[in-house]
Amino acid sequence: IKVVNAAAGTLTLTGAIAAGGANVTVQSEGDLTQNTGGTVAGGTDGSIVLSAKGVVSLNDNVTGTGTGTVSITADSDGNSASATALNQLAGTISSVGQTISLTAGNGATGAGNILLGDINAGAGAITVISREGSILQNAAASDLLTSSNTITLTAGSGAGDAVGTDANRINTAAGTLTSSAGTGGIFISEANAATLGAISTTGAGEIKVVNAAAGTLTLTGAI
C-alpha cells in the first residue's frame with residue numbers, strides 16, 4: 001500500500017490501513033493526521049513508513065508485524081515552522097522485535113519537537129531524533145519506551161533543546177540507553193535495570209537518569 005499526495009494538503013487517516021503481506025507507505029507533502037480508528041498495520045513482514053513535510057499527529061496504533069520495521073518522519077524537508085513536528089497523542093507504536101525510528105527534520109535541520117507516547121519494540125531498537133528540537137512527553141504523559149535492545153534519544157544540541165524535563169522525565173524500559181541533548185538537559189526515568197551508554201549535553205545542560213525500581217544501572221559509556 002502506497003499513498004502519496006502531490007500537493008501540500010493534509011492527509012487524514014480515518015479508517016484502518018492494513019497490508020496483507022507487504023509494506024505500507026503514507027507520504028504527505030503537507031501534514032499527516034491519524035484520527036482515532038485510523039490504525040496502521042504492516043503486512044506480514046512488511047515495513048511501515050509514515051512521513052510528512054509538515055506535522056505528523058498520531059491518535060491510534062501503528063503496528064509492525066513479522067520482520068517489518070516502523071519509520072515515522074515529520075518535517076521531512078526540515079522547513080516546518082511548527083513548534084511540535086511529531087505528536088504521538090494516543091495509541092501504541094509497536095513492532096515484533098524490529099527497529100522503530102521516529103525523526104523530526106531531514107538529515108541536518110528541523111526545529112520541531114517530538115512528543116512521545118507508548119512505544120514497544122520488544123527486542124528491537126528504538127531511535128528518536130529531533131534534529132534541532134526537544135524530545136518530550138505527550139500531553140497525557142503516557143510515554144513508555146520499551147526495548148530490551150538499545151533506546152537512543154537524540155535531541156538538538158542548541159539552547160533549550162532537551163530530552164524530557166525534570167518534572168516530566170521520559171519513561172523507559174531499556175536494555176541500553178544512549179542520549180544527547182542541548183542546554184535543556186536530559187531527564188530519564190528508567191523502569192528497572194539498564195546499561196547506560198554515552199550520554200551527553202552541551203553547555204550547562206543537566207543530566208539526570210533515575211531508575212524507579214531496585215535494578216542495577218550499569219555505566220559503560222562516557223557521561
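**Figure 1. Surroundings of Ser51.** Beyond its neighbours within four places in sequence, Ser51 is in contact (heavy atoms within 4.5 Å) with Val26, Gln27, Ser28, Leu32 and Thr73. Ser51 belongs to strand β7, which covers residues 48-52; helices (H or I, at least four residues) and strands (E, at least two) are DSSP runs, numbered from the N terminus. Ser51 counts as buried because its relative accessibility is 12%; buried means under 20% relative accessible area, exposed over 50%, and partly exposed in between, with a 1.4 Å probe and protein chains only. The model is predicted: local features need pLDDT of at least 70 and side-chain atom pairs count only at pLDDT 80 or more, whereas totals for chains, interfaces and linings use all residues. Residues are numbered from 1 along each chain as its sequence is written, and side-chain values use heavy atoms, with hydrogens and water left out.

**Figure 2. The salt bridge between Lys53 and Glu29.** The closest N and O atoms of Lys53 and Glu29 are 2.8 Å apart, where a salt bridge is a side-chain nitrogen of Lys or Arg within 4 Å of a carboxyl oxygen of Asp or Glu. This pair links distant parts of the chain, 24 residues apart: Lys53 is in the loop between β7 and β8 (56-58), and Glu29 is in the loop between β4 (24-28) and β5 (32-34). Lys53 is partly exposed, at a relative accessible area of 31%, and Glu29 is also classed as partly exposed, at 24% relative accessibility. Side chains of opposite charge can pair when their charged atoms come close.

**Figure 3. A network of salt bridges formed by Asp166, Arg169 and Lys208.** Arg169 pairs with Asp166, the closest N and O atoms being 3.9 Å apart. Lys208 also forms a salt bridge with Asp166, and here the closest N and O atoms are 3.1 Å apart. Because Lys208 lies in strand β23 (residues 207-211) and Asp166 in the loop between β19 (162-163) and β20 (170-181), their pair ties together parts that are 42 residues apart in sequence.

**Figure 4. The loop position of Ala191.** Ala191 is found between β21 (185-190) and β22 (194-201). With residues up to four places away in sequence left out, Ala191 touches Thr172, Ala173, Ala212 and Ala213. A relative accessible area of 35% makes Ala191 partly exposed. From Ala191 to Ile207 the C-alpha distance is 17 Å, and the two residues are 16 residues apart in sequence.

Figure 5. The protein chain has 24 strands and zero helices. Its radius of gyration is 17 Å, close to the 17 Å from the globule rule for 223 residues, so the chain is as compact as a globular protein of that length; the radius is taken over C-alpha atoms, and the rule is 2.2 Å times the number of residues to the power 0.38. Along the principal axes, the C-alpha atoms fill a box of roughly 45 × 35 × 30 Å. Buried residues make up 44% of the 223 residues. Of the contacts with a separation of 6 or more, 46% are between residues 24 or more positions apart.
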